[in-house]
Amino acid sequence: MPSLDDLKKRIKSVKSTQKITKAMKMVAAAKLRKAQENAEKGRPYSQKMQNIILNLTKSINDIGNAPKLLVGTGQDKTYLCVVLTADRGLCGGFNSNICKLAKTNFQKILKEGKNLKIISVGSKGLDQIKREYGKYVIKKFSFKDKKQISFKEAEIIGTEIINLFKNNQFDKCILFYNNFKNVITQIPQAHQIIPAEIKSSESKNESSLSYEFEPEEDEILEDLLPKNISTQVFKAFLENAASEQGSRMTAMDNATRNAGDLVDKLTINYNRSRQASITKELIEIISGAESL
Amino acid sequence: MMSEKFTVEIISPDKTIIKTETSEVQIPSYEGEMGILKDHIQLITFLRPGIIKIKNDKEKEFFVEEGTVEFSNNNLLILTSKAKDLSNVDKKSLSNLLSEAEKRISDNKLTDKEKYLLSYKIDTLKNINQ
């Protein structure tokens, strides 16, 4: 049985922890709003980019001559996995969820006897991957000192990926990130960017009226596809940023609530033992008086 | 009289820069200046450095370094990562861009395409700064 003093100290410490988590939740909520706004603002660009590429691919007649970024190298020997995580912790399952998904994919790739290369973005993910798959990591990025991630950072990673591709370093490229659905739900995603997965589900049945191209289709595609890679990376960044804040907000909200519960429990304990000690003292006094 | 206007959108990765109705747009397409009016044929092209002019009651000008353009169903879509509104642009940053470009063009290792793009960038920037 802890003494009264111990209980008092404990209650105090839990209360101050609660204050911290509450503050973190508020900060995350404020940042979330901004991140969410950014993610929503960024969506049209990547969507329209996809649309244009879709229209272009439709009008390409000779698939054999199409750019490799679009159709792939025709092999699937080497996989490049780009894992996007946060630089800060205390955000619930955010980082672990991405890593878990990435790891299951890594296992699958290795089991099939294929080569694996990893680019990690964000330090928290690297910490988790390092232990098992450290030797596959070929490049690390961290933008810890950047307050707001802009298109420039996405471009750095985009060019890195394209350069590796041009040097035939890999055949397929997969992005891992969290898709922001709403504040409570973030879905970890594996998104293949090379060769481009073009969703034809949204295509309006052969409404592809003939476009006028200037210059030729291939040349436009040649210019557009690398840009699309950066755009996809940037989109993943934005989704990730919103997810991180959302995830942190829920995690901190839970922590605050748990701390509250703990304080309640400890207070009851504290009051009980205080009462018990008073009763004990009273009994001692009364029995002392009776014996006189 | 039928309206002679169509919509034009300039979108950068982080936001929609402008979305408006206009009667004519001039774009610096890769193979030359191009004017677009309503009911233009469907078109996909990309840009070289230059100035996009959106003509309305008041003319609006944007400096772009690169971009992709799609025109379909009277909707002109310009995707660009670097667009600057010339009505409120920082003169200093432009002259910085200019000197940077001038430094780069003297590099002999550039391909013809890169040289072509850079020379347009320099010309445009010089014109703005005058």
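Two residues are in contact if their C-beta atoms, placed from the backbone, lie within 7 Å. By this criterion, in the predicted model, chain A contributes 23 residues to its contact with chain B, and chain B contributes 20 residues.

On chain B, several strands take part. Strand S1 (6–12), strand S2 (15–22), strand S5 (43–47), strand S8 (67–72) and strand S9 (75–79) of chain B each give at least two residues to the side that touches chain A. The largest share of this side comes from S5(B), with 4 residues. The side of chain B that touches chain A can also be sorted by class: 9 residues are nonpolar, 7 are polar and 4 are charged.

S5(B) also pairs with a strand of the other chain. Its partner is strand S6 (residues 212–214) of chain A. The two strands run parallel, and 3 bridges join them. Within this pairing, B:Ile44 in S5(B) stands opposite A:Phe213.

Chain B itself is divided by the domain assignment. Domain 1 of chain B spans 6–85, and domain 2 of chain B spans 90–129. Taken over C-alpha atoms, the centres of domain 1 and domain 2 of chain B are 21 Å apart. The two domains touch each other: domain 1 of chain B supplies 6 residues to the contact, and domain 2 of chain B supplies 5 residues. On the side of domain 1 of chain B that touches domain 2 of chain B, 3 residues are nonpolar, 1 is polar and 2 are charged.

Notes:
Residues numbered from 1 in each chain as written. Chains lettered and ligands numbered in written order. Predicted model: local features only at pLDDT ≥ 70, side-chain atom pairs only at ≥ 80, totals over all residues. Nonpolar A, V, L, I, M, F, W, Y, C, P; charged D, E, K, R; others polar. Pairing = 2+ DSSP bridges. Domains from an automatic or database assignment.
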